[in-house]
Every structure is written in C-alpha cells, then in structure tokens.
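I opened this entry to keep track of what I looked up and in what order.

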Amino acid sequence: MTVNPLDAFRAELRDWLAQNCPEEMRDGLMTEESICWGGKDWVFTSDAQRVWLERCAAKGYTVPTWPVAYGGAGLSRDQEKIFHEEMGRLDARSPLQSFGIWMLGPALLHFGTHEQKLQYLPPVARGEVRWCQGYSEPGAGSDLANVQTHGEDKGDHWLVNGQKIWTSYADKADWIFALVRTDREAPKHKCISFLLLDMKGGGVETRPIKMISGVSPFCETFFTDAKIPKEQIVGEVNRGWDVAKYLLTHEREMISGGGAGLSGGGRALGAVIKDTMDEMDATLRADAMRCEVNSLAIGLTLERYKDQAEAGQGAGDASAMLKYMGTELNKQRHELMMNAGGSDALEWDGPVGNRAGDWLRTKANSIEGGTSEVMLSIVSRRVLGLPG
Amino acid sequence: MAKLVMNEEETMLADMARGFLDDACPVSKLREMRDAGVTSDAATWKEMADLGWAGVLVPEEAGGSDMGFAAANVIAHEMGKTLAVSPFISSAVIAATALRQVNDARALGALAKIASGDVTYALAVDEGIKFDPEGVQMEAKADGNGFRLNGKKQFVVDGASADRLLVLARTADGLTLFDIPADRVGVNCDASNMIDARDAARITFEDVEATGEDVLGAVDNAMDILKPAINAGQAALAAEMTGLSVGAFTMTVDYLKERKQFGVEIGRFQALQHRAAHLWCEIEVTSSAILNAGRKLDEDSSVAETAVSLAKARATQTAILAVQEGVQMHGGIGMTDAFDMGFYMKRARVSAEWLGDYSYHAEKIAAERGF
C-alpha cells in the first residue's frame, strides 16, 4: 500500500513540530510584544523565542514556500496549507515576521538575479537582517509615483537625497528597499528605480513618529548624500515602478490577511468576546456573527486567489478587492472587541491588555498600502472598465 | 486537496449552460410567463433533462450524468443570471440527493425518472413563516400498516407543478420523510400568487394515506436522508442567487457606461464607481464561499454543513445588496415594471427566504464557531 505523499508530509511535520516547538511558543500570540522581527539588533524576548527561530530557520520553515537554495523549505501550495494547519493545531507562534519575508522576498524572487537572491534572501530567512520599506513621501501618498527622493548617477553609484515617510520600523531596520527617482525628465512611471540600501552605511537618518495608538511603528527617513552602489538595484534602471506595483499587490494581500486570519491566534471573534463578557448582549452577538460570516468568506477568497495564482491566473488588480474587504473587516472586528471590553478596554494595558492600542492601530489598515478609496477606484477602472 | 478554482470541465459546463440559457431562458421568457399567468415550463425542463441537468446528481446506472455538487452549483449559477424558471433545485438537487441516500431499487427507479425529466418533485417542509425543519408539527399517525398524514405546508416551491412531494412529518418518535404523488387523495394544492411569479404552493393534507413503501429512509429518522438533500439544495440555491447577483450587477455596470447626465456617462462619477466597485467586491467574496461549498459537498457531504450555511448566508446578503444597488444606480427606470431589475429584486427576496434566511444560516455558523 502506498502512502499519500501529502499525508506522509503531514505526519512528519506533526512529529517535528511536537518535538521542536517550545511550550512557551504554543499560545498563538500575534501581538506587538510576542512577534519576533529579527535583525542585527534584535533582542530575543525569551530563550524559547530564539530556539524556535533557529530551529525553524534550519528547516526553512520561516519562509516555507521559498526555494531551499534561498533559505526556504520549497513547499508546494498543498504542503503550505498543511504547514499552516499543523502550526494552527499547536497554536504555534509564527517564528519570524518581517518586511524582508513579505516584501523584499517576493520582489527579489520575481525580479532579482540569482546572485542577489543568494546574497539577500538567506539572511532574511534566518532572521539576521531586518528590512524596511521606503515608499511613501510627504508629497507621494495615494499618488505614490510622485516620489521626489532623487538618485544622482555618479558612475559606479547613485547619490541619494530626499525624504521618506511612514517607513515602518525604519529605526530598527538594517536595510531599506526604496523607490528613488533616477531620471528627472522621464514620465513619472518611467523614472523610478527600486534600490537596496544599507541603513548603517552612512547618509541615512530616521525619526520615529508617535501614532494615536501611543507607539511609534512608523518613521520619517532622511537621505543625505547616501551612496548606493549600482549593483544594488532590483530590476532595470527606471523600471522600478514595475517592481513596486508587483509588490503592492503582495502588500495588499498581506494586509487583507490581517482581516481574515483572526487576531487572537485564529480564534473566532465570538470566543474572544466571550472571554470578556459573561453574557453577550443580543446586538453585539448579531454584529459579531455578521463579522464572522464575512471573515470566513474573505478567508476563503484569500485561499481562492492563492489557488488561482498557482493555476497561473494572477489576481492582478483584483488584489485591490482583498485589501479593501480585509481591512474594512478588521476595523469592524476591533470596534466590536472594544465594545465587548466596555470600560476595561479603555485603559492602556488594562485588564484586557493592549486592546485599545490594537484597535487604534487597525485604523491605519484602510490607509496604508493604498487607501480603501484608491482600491475601489482601481476596481472600478481596471476591473469593471468604468471610464476614468 | 480540492482547489478553489473552476476546473476545465466546470468552465466548459458553464459556457455550455450559458449558451443554452441565453436562447431558452432569457429574462423576457419569465416576463412572458408572468404576463400569461404561467409559473412552470415543462417543455424547457425536458430540454434541460436532455442536456443532463435533471440527472446531474443521478448515478449513471439510473441514466444520470452524475457530475457532482460543484457541477450542480455551476448550472444553478448560470440559471440565476437570467432568472431561468425550472424545478432544477427541487427535483434535480434536493429530491435526487434524498433518493440517492436511500439507495434501493425503488429509489433507483425514481432517480431514473428525475434524470429523464419525466417526474418532478417539490419539498414540503415549511409550516410557519420561517424555515425550521426540526420544528415540523404536521402529524403522520400510525394507522394499521401505514400512516395518515394531516396538516398544512406553505411555501412549497415548485409545489403546484410537481408530480411528487417529499413531505416531512412527525411520527411517534421523531420526523419521517414521505415520498408521495401530488395527486394522492386528500392532498389539496393551492398555488400561491408569488411576487417573483414562480411556482410555490400552500398544500393541505387531509387524512392522506401513506404506506411503509412511501417512507424514504427509516421511520422517525428523516434527517439522515433529508439533511444532505437540504444542504445540497441550499448550496445550489446560494449559487443561483450569486448568479442572480452577477446578472443584476452586469446590467448595472452596462448602464453606468451608457447613461449620460451632465453631458457625461454617469459611470465617470466616483460616487457611483465606488458603489459599483464595492458590489463587485462583495460578489467576488461570495463566489469563494459558493465554490467552497461545492468542493466540500463533493469531498464529504456529511461535514459540509457550515460551508453550505456560509454560502447561503453570504449569497443572501450579496443578492439583496446587488438588487438594491441595481435599482438605485438605474434611477427611476429601475423602478418600472417594463425594466427587468424588478424581476431580480423579487426573485432575490423569495430566494432569501427559501431553505433558511440569513439569520438561520448565520446562527448555524455561530453555533459551530462557539458562540
């Protein structure tokens, strides 16, 4: 009798997780305090966090679908589903989160050279280098292609000057990937290059921005005569917008995942609310039910788009839908959690933890990575073909 | 693992169905039937049977095409786009799935007649204003070797034209499912004048005799047979409603591109663009739930209940939104009887109630999710 290879994979993985996932990492937490971001300056919050990262990195499980050569485990789409199911079964924390995984990885895997992939990706997979994203500028928000940060051609390098804003965790990052204008004359979509810069190599300064949630995940980042060697470019010169667009699609799917992957380790909203309330009132329960129905359906849509991508049908502009639906849902969910928490939820780090901070943070979801209104405009023009 | 992507056979089936339905069942056909006071269309059902649709869930040995639940959803979805009138969900999906659970020679004979289109069925469950199969009160009292049925059913969709009825009634220790001819003595059918101009009926049962032969499955144990049948019906109905949403949406977007006000196409106005885009997003998300329900039913219909409820809950929300937005974006013309949007709105409302409304299905999901 032959064993289904997927069943065999599942059995082996289950064993490995049982033996290797430390007990302290089995609480399914995805909070600001529990996440491991990695990077040169990373201080592990516990020995268990360090051990869990090292063990996963050795198996390629920090980036399970990346090729083995670049630090991943080379899992197929079916294996990836099993991986997430088995991690979920143990309530295992994600061993590593980073913009390197979410953003740089997809960009390099699609547009990078083999040498670039070998150079940059394994350190990301091992959690050794932390990346941030330099996209928005004070004058380039929804109109992102209007970036003004300039790279002057100096032969073997670009000399970069300008300012980025909303650079997430720039103050903690080692490297930045940035959209830089490398041609002052060309039309705005044909003058941008996608450059990689060592933030500790001089000419870069960051200043955290305090947000309404009380923390400073975002920064302003200033470039003053920063030198970027010519080989630190992804894709062709002046064709960075192609890379940026491709990545925005990824970013949108990632942010929308926050809406469908239930916060609280995949637990149902109802269960989270129940922890706070002895008796859910009828109105709140009805609202939570509606949220749950939509959340399950959006989760399935994420799965469907992944299956379509595997079948060679890219989501393209339709990813704007995922971003819009997922983030609006996430905001609703956090409103309901605040409602359920009552006055307990109104204290910073009160009886229900950082619920207020999390709630305030979600308000950015429908702004970052393209506002809900920009998403709807993308759908209406590019998917529905309505006149612009 | 089954993929949440339409496979090649399903895409071909959808294209073929579309080709047939555009000719045989455009919305204008429903309008003609409504104007003539006709609620069923036996000739078209026979043609659909010839295409293999009536036997979509009937085994090949009984002359069916046995394409599975996801395929049934594909057909229902296409039917919804132009509001095709047929007993597809009642006969080909619900009755066929119920009979298939029974799996004896008599059931196989009945399945053959469904597949050929010679016999149509309707499901008689509702007694009050809401779908509640577990709460059925109609009595089937033991009488000699058989039973006597007394009671009233309402909202029996396809009930006025059906040849046979699946009747859910209460017996000594539970619920029992009966399969009886619609013309049996004591069965009185009163066609309802439905807002969507389709066939539905109120049916009274007065001392209707039933034998052990008329029982589907085991006495006092209807749900073993009926639950999978209802699930399949709910999934197909959800698919049909999503087709309806797509139909209403397509008309609306076409109108936004044509209609001019202030000297430009109204589709240039961002307020309308965003309404249309939001509706498209809702339809996309609901489509995933439909696809998932079909896949889950085909994998193992006994554990597909939550997936089906999710599909019906989402399809209901989305269809109600699609027709309201459809009327709003068409403006005054959308309110006229001469325009088709009203047909979509009425069908959406009727389908929203049939086989469990939004709350019914949301409650099922809530129970499964632990609150």
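Predicted model: local features only at pLDDT ≥ 70, side-chain atom pairs only at ≥ 80, totals over all residues.

My notes on these topics follow.

Entry 1, domains. I found chain A split into domain 1 (5-104), domain 2 (131-238) and domain 3 (242-383). I looked up the C-alpha centres of domain 2 and domain 3 of chain A, and they lie 28 Å apart. For the contact itself, I have 11 residues of domain 2 of chain A against 10 residues of domain 3 of chain A. On the domain 2 side I noted 7 nonpolar residues, 4 polar and no charged.

Entry 2, chain B against chain A. I read off 33 residues of chain B in contact with 35 residues of chain A. Which helices of chain B each supply at least two residues of the side that touches chain A? I listed α7 (222-258), α8 (270-300), α9 (305-330) and α11 (358-369). α8(B) gives the most, with 14 residues. By class, I have 18 nonpolar, 8 polar and 7 charged residues on the chain B side.

I looked up how α9(B) lies against α10 (residues 341-353) of chain B: the axes come within 9 Å and cross at roughly 160°. The crossing is left-handed. Among the contact residues I noted Thr316(B), Ile320(B) and His330(B) in α9(B), and Met341(B), Tyr344(B) and Ser351(B) in α10(B). The contact of α9(B) with α10(B) has 9 nonpolar, 4 polar and no charged residues.

Key
Residues numbered from 1 in each chain as written. Chains lettered and ligands numbered in written order. Domains from an automatic or database assignment. Contact = placed C-beta atoms within 7 Å. Nonpolar A, V, L, I, M, F, W, Y, C, P; charged D, E, K, R; others polar. Helix = DSSP H or I, 4+ residues; strand = E, 2+ residues; numbered from the N terminus. Axes fitted to C-alpha atoms, helices over the stretch in contact; angles between N-to-C directions. Left-handed = near helix turned anticlockwise from the far one by under 90°.
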